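Trainee: I would like a close look at the aromatic rings here. Please take me through them step by step.

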Amino acid sequence: MLKGQLVHENIQVTVTYDTKLILGVTCEVVHDQVKIKGKLSEDTYDWFAQDKFGNIWYLGEDTKKYDNHGGYSTAGSFEAGVDGAMAGIVMYGDILAHLGLKYYQEYYVNVAEDVAKIINVNSTAKVAYGVFDNCVETMETERLDPGVVEHKFYTRGVGQVLTTSNTGEREELISISHF
């Protein structure tokens, strides 16, 4: 890809009916697939759980990133409790108590080290699907990709609706389907 070249990705996120037991915790399995020009470029199963305080935990992912030659890499895959990997928080149940505080969303040394900070609880996100007010906005960085900063916008009842990056990348919600 050339610098400044516009690339459209189709990211389909499906909350499955499957569960996975990790560290004694029953996790919901979320499947997401990334396609570029109809060709699968990434296929991931993520594992989430919610505790009694409303915190959403991220306990790992099984990911495959495909190359142009039919091969793939599992870089970034991890499972909490395996080889020193730890669960992280995706979103706190009490967001106001954590406003401005940094926290790990995932932690597996040299594999997955995403850090987030809630920076606003009243942001507006304008995306193809519509306008969402009162969004929780996070600022996210990753030690393994220094200098890249993402802002993610989450809305109640939907989840993540917008991601912007200082690299010029943008992901936005364009549709919701219920099966």
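Which residue lies over the face of Y72, and at what distance from the ring centre?

Mentor: This is a predicted model. The residue over the face of Y72 is K64, at 5.3 Å from the ring centre. W47 also has a lysine over its face: K20, at 5.0 Å from the ring centre.

Now the ring pairs. A search of the whole structure finds 6 aromatic pairs. One of them joins Y104 and Y107. Y104 is partly exposed, with a relative accessible area of 41%.

Y129 and F132 also pair. Here the centres are 6.2 Å apart and the planes are at 5°. The cut-off for stacking is under 30 degrees, so this pair is stacked. F132 is buried, at 12% relative accessibility, because buried means under 20%. Y129 is partly exposed, at 41%.

Stay with Y129. This residue lies in the loop between β10 (114–127) and β11 (130–142). Y129 also belongs to a nonpolar surface patch with V158 and I176. Together the three have about 240 Å² of accessible area. So Y129 stacks on F132 and contributes to that patch.

Last, a cluster. Ring pairs link F48, Y58 and F78.

Key: Residues are numbered from 1 along each chain as its sequence is written. This is a predicted model: local features need pLDDT of at least 70, side-chain atom pairs count only at pLDDT 80 or more; totals for chains, interfaces and linings use all residues. Side-chain values use heavy atoms; hydrogens and water are left out. Rings of Phe, Tyr and Trp (its six-membered ring) pair if their centres lie within 6.5 Å; planes under 30 degrees apart count as stacked, over 60 as edge-to-face and the rest as tilted. Buried means under 20% relative accessible area, exposed over 50%, partly exposed in between (1.4 Å probe, protein chains only). A charge sits over a ring if NZ of Lys or CZ of Arg is within 6 Å of the ring centre and within 35 degrees of the ring normal. Patches are made of residues with over 30% relative accessible area and no salt bridge: like charges are joined within 9 Å, nonpolar side chains (Val, Leu, Ile, Met, Phe, Trp, Tyr) within 5 Å. Accessible areas come from the Shrake-Rupley method with a 1.4 Å probe; for residues, only the protein chains shown count as cover. A salt bridge is a side-chain nitrogen of Lys or Arg within 4 Å of a carboxyl oxygen of Asp or Glu. Helices (H or I, at least four residues) and strands (E, at least two) are DSSP runs, numbered from the N terminus.
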